[in-house]
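Here is a briefing on the structure shown below. Read it alongside the sequence.

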Amino acid sequence: MQSTEALVSVGLNHYLVLSALLFTIGSLGVLLRKNMIVILMSIELMLNAVNISFVAFATYLDNLDGKIMVLFVMTIAAAEAAVGLALAVNIFKNFREVNIRFFEHLRG
Amino acid sequence: MSELDILFYILSSMSVLFGALVVLTSSPIYSSLYLVMSMLSVAGIFMTLNAPFIAGIQIIVYAGAVLVLFVMVLMLFDLKRETKAFTKGRFSGFLKLVGAGLLCGFIAGAAYESVSLIMATSEEIPTNIAAAAETGFSPTTNSIKEISKLLFTKYLFAFEVLGLLLLVVPIGAVALSRVAGGTHAKH
Amino acid sequence: MTSLTPIIVLTVFVAIFGVGIVVVSALLGPKRNWTKAKKIPYESGLPGQERKETKIPVKFYLTAILFIVFDIEVVFMYPWALTYTEFIDAGLGGYIFGAMAVFVGLFIFGLIWEIKSKALEWD
Amino acid sequence: MGSDVFEISVNFVKMVAIFLLMVNLVPMLVWVERRGSAFIQNRFGPNRVGPLGLIQLAADAIKFLFKEEFIPPKGNKALFLIAPIIALIPGAIAFGSIPLSVPIEISAFEMFGSQWGPYVFPFQSFEIGIGIVFVLGVSSLGAYSMLLAGFGSANKYSLYGALRASAQMISYELAMGLAIVGILIVYGTFDFAEMIAAQQGPLSIPLFEADHVVNKILGILPNWGVFYQPVGFILLFVSVFAETNRLPFDLPEAESELVAGYHTEYGGIKMNMFYIGEYGHMMVASALIAVFYFGGYSLGTTLDTILVEGTIVPNMSALFASLLNLFGSGWEQSTNLINVVRAFVFHGIFMAKILLFLWIFVWVRWTLPRFRYDQLMDLGWKTMLPWALANTIITAFLMLFLR
């Protein structure tokens, strides 16, 4: 690490560490939680972490491709959340329960 | 400690704290509300990264649309407080914890390596936007117009493919609700 | 650069203002013990209809999903509308209009499909 | 927020003043609503307490403070209490980002023995480069206060009302977004101040030369946005009624249908905070309509010149100068005073436009009947949205040639 001055002024490292932290929290959520909707939420959290590092690199390397990729990542995340929740509602309507334990009942 | 740094430390600690609360709270309604707060603080972080347009879009798309759907669906389910929110398997739980720790270590290491890698290739990058402003290395000024110009020249194909994707998603969601047992099934 | 501190200061101020009013009204208000009738949820006078398992129609989520998808298409039109006149001045008017014509065409096709498939019917 | 102590304190006082302006305008609007509805229904309305019932506002506010604190026992206590506070925040922040008048330029002056440098104070709580996107994003957060209020109070009618209200609010946000796309095509900027600047001068079509007869006739009209985007104006106007749950779109709160919807279990000051939130959204909506389509704080160049160079600002600043001379001397020539007075004159114009649109909100509420819920949703999805798309495409197509 550079001198303590880097600790004071916020640089690219700080944004990357922040995005790494958020990414691991999201992946922990996916691994540990049973409720399907909370898993979808932690996937949103992971995608947010990716967005932070995209924008951080776009700002510090001063090219705009990162910011355009963020727009695309947001669209994909929203589409995935929409379809995921449509599935969750169907499962809830049939099984009155949204925990992952029930997924082995699905045939095929 | 310029104004920008204090802002960064406040917002990043808020987003990490609320992100952790999303995963840890047992009742899903509270975790979705913590996720809203985490999204808003991430939008604030985009502001400190000199990307106000992306912050605005994040508030409209994520906090204003996606999470309204999450909160609405959770209210419809009306799940009470879950007792066994976390997977109960002792061995599998332990395995997952170790896996997650490894993942965290890899990512943190990759972050440090990539920065020094980039430092080596391109010329000296000022580590702080405020410092950058003084040294004349000013980030792109009115970047909102440059973003859209780049979007429609270089990334036009991706833009059209996204239009197609956004056509498929509603049709899929409606088809899902039409299937036997779905909410709008034809009975 | 749009500075962020005034927004945070205003939010905190409004939140403190709101919490303050609620606390003041809680302190000033009279304290009475509530009769049983006051405790049950208000259903415009009809006594005790509170069934155990309230059956709430689940079809609100379909509107929210359609809203997300069409909202993203509207959000993608913001940068297009922003530099539309600049593209025309640069002589690329037809190109940019064609690009958005395809995108809006898909938007309209999705909307017509939704209307025809009666996904938005409210009983 | 500013470089030195003076600037920070002025910015903070300005922010608090604009928020209090919004909060204090609410009882005034309630009074306008009660007297307006009385006028429309050919009766008197409150006129007992003070002249024309004006003290009624203060009486209502104080009465609300002394109401009993009621929290439904079976409901979710935390969400029940958070909901009214969240109802306040979006309206206040959106209102703070709209420029209410021209920025005030203060040249360097000497006070308390030290020299204070020149400042420029924007006449708004905070300056934000992406005006429209920010206001749209923040106003879409309003749906959360409804959902939490409905879920917090354990009453199934209020949950049903909250779901209906937020479903209605989000489906009209699409038509609002597309109407704003039409505005963006015409002005090509997100910032409100640049939009208002673009609406100066007489109306003219660039296709014909300046002294052509068509431009002569049109020249009478100011160069406002409503003449460029008439359909967009109608779309935004209608969808703004639905955004703020005002009649004829207020079915989720209708007494007869849904027992006053999501704020059934609320009483006293918490109910009042929902009103402040609703009226705050109405103020933001009428300010947006004024900025997009009616030239914001400017009245078109001819009238502006009368205001600034002509008679009004010089006379008023002379009047203020004579008043201020009682304290200090030499206020006549100070340009700072003239700048401040000019800003407040333009602010007066903008508030006049906002109050006009607020009166239209009240007027429509007491004349039109209420929509049924499926008619309401069909109007949103099946008529407003296609019209908004058609408006955007036609505007883009015409801009290809008129440019």
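Helices (H or I, at least four residues) and strands (E, at least two) are DSSP runs, numbered from the N terminus. By that numbering, D:Asn42 sits in the loop between α1 (5-40) and α2 (55-65) of chain D. This is a predicted model: local features need pLDDT of at least 70, side-chain atom pairs count only at pLDDT 80 or more, and totals for chains, interfaces and linings use all residues. Residues are numbered from 1 along each chain as its sequence is written, while chains are lettered from A and ligands numbered from 1 in the order in which they are written.

**Confidence in chain A**

- pLDDT is the predictor's confidence in each residue, from 0 to 100.
- Chain A has a mean pLDDT of 81, and 81% of its residues reach 70 or more.
- Among the elements of chain A, helix α1 (residues 4-8) has the lowest mean pLDDT, 46. Helix α3 (residues 36-60) of chain A has the highest, 91.
- Over residues 1-7 of chain A, pLDDT stays under 50. For this stretch the model has three contacts beyond four places in sequence; two residues are in contact if their C-beta atoms, placed from the backbone, lie within 7 Å.

**Interfaces with chain A**

- Chain B brings 75 residues into contact with 61 residues of chain A.
- On the side of chain B that touches chain A, at least two residues each come from α1 (3-24), α2 (28-48), α3 (52-77), α4 (90-121), α5 (129-134), α6 (143-153) and α7 (156-178) of chain B.
- α3(B) gives the most to that side, with 12 residues.
- By class, the side of chain B that touches chain A has 51 nonpolar, 19 polar and five charged residues. Ala, Val, Leu, Ile, Met, Phe, Trp, Tyr, Cys and Pro count as nonpolar, Asp, Glu, Lys and Arg as charged, and the others, Gly among them, as polar.
- Six residues of chain C are in contact with seven residues of chain A. The side of chain C that touches chain A has six nonpolar, no polar and no charged residues.

**Nonpolar core**

- A nonpolar core is a set of buried Ala, Val, Leu, Ile, Met, Phe, Trp, Tyr and Cys residues joined through C-beta atoms within 7 Å. A residue is buried if 20 or more other C-beta atoms lie within 10 Å of its own, exposed if 12 or fewer, and partly exposed in between, with C-beta atoms placed from the backbone.
- The largest such core has 242 residues; A:Ala82, B:Leu69, B:Met72 and B:Val73 have the most contacts inside it.
- α3(B) gives the most to this core, with 22 residues.
- Beyond its neighbours within four places in sequence, B:Leu69 is in contact with residues including A:Ala82, A:Leu85, C:Tyr61 and C:Ile68.

**Chain D**

- Chain D has 15 helices and four strands.
- Its C-alpha trace spans about 65 × 60 × 45 Å along the principal axes.
- Of its 403 residues, 47% count as buried.
- Among contacts in chain D between residues at least 6 apart in sequence, 76% join residues at least 24 apart.
- α11(D) is mostly covered, with 24 of its 26 residues buried. After α11(D) comes D:Gly295, whose phi is positive, near 75 degrees.

- B:Asn50 lies in the loop between α2 and α3 of chain B, with phi near 60 degrees. B:Asn50 counts as buried because it has 21 C-beta neighbours inside 10 Å.
- D:Asn42 has a positive phi of about 55 degrees. D:Asn42 counts as exposed because it has 6 C-beta neighbours inside 10 Å.
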